[in-house]
Amino acid sequence: MYQTINPGRAARTAGWLLLLLVASFITLVPGGPVESRDFSALGGPVFWGFNVFLVLLGLIAIGAAIGLLGGRPNAAWAAIAACWGYVFVVLLDLGGVFPRSPDPIPLMLGLIEIFDLILAFYVGLLSHKALGHL
């Protein structure tokens, strides 16, 4: 037989992994240690609008993680929403849809995005577990 994770443990694990996801994603900030592509062609409003979206996504994820770690399993709904936000952003970037840059995706950036994609799906599953859906 296998041991199941109780919803409380699933929530705590999801919280910690969601914080790891945010920390990993922060390394991808343009001009940072990993992201070296040129986004000047996007224009100011699009570039800054996208950055505002990413900051809000990070804040929602951090809030959801704190809620999950604090024993509030209903924070799992916010975690699920954040996970879908990260999935959406990563798939658009890896798919070459948005943001577009004349530079190719650096190898390390691609690897971190794939890691973040897998992590987002796992956190989403754990959050559903915390809600008793699985």
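**Exercise 1.** Work out which side chains meet in a salt bridge with Arg37, and at what N to O distance.

*Solution.* Start with Asp93: its side chain meets that of Arg37 in a salt bridge at 2.9 Å, N to O (a salt bridge being a side-chain nitrogen of Lys or Arg within 4 Å of a carboxyl oxygen of Asp or Glu). Quick housekeeping: this is a predicted model, where local features need pLDDT of at least 70, side-chain atom pairs count only at pLDDT 80 or more, and totals for chains, interfaces and linings use all residues. Residues are numbered from 1 along each chain as its sequence is written, and side-chain values use heavy atoms, leaving out hydrogens and water.

Next, Glu35: Arg37 pairs with its side chain too, at 2.7 Å, N to O. The rule gives a count of two salt bridges, and Glu35, Arg37 and Asp93 are linked in a network.

**Exercise 2.** Decide whether Arg37 and Asp93 are buried or exposed, then say what parts the pair ties together.

*Solution.* Both Arg37 and Asp93 are buried (under 20% relative accessible area; exposed is over 50%, partly exposed in between; 1.4 Å probe, protein chains only). Now place them: Arg37 sits in the loop between helix H1 (7-26) and helix H2 (44-69), and Asp93 in helix H3 (residues 76-94), so the pair ties together parts 56 residues apart in sequence. Helices here are DSSP runs (H or I, at least four residues), numbered from the N terminus.

**Exercise 3.** List what Tyr86 touches, not counting residues up to four places away in sequence.

*Solution.* Taking contact as heavy atoms within 4.5 Å, you get Leu21, Val22, Phe25, Leu57, Gly58, Ala61 and Ala120.

Definitions and conventions: Helices (H or I, at least four residues) and strands (E, at least two) are DSSP runs, numbered from the N terminus.
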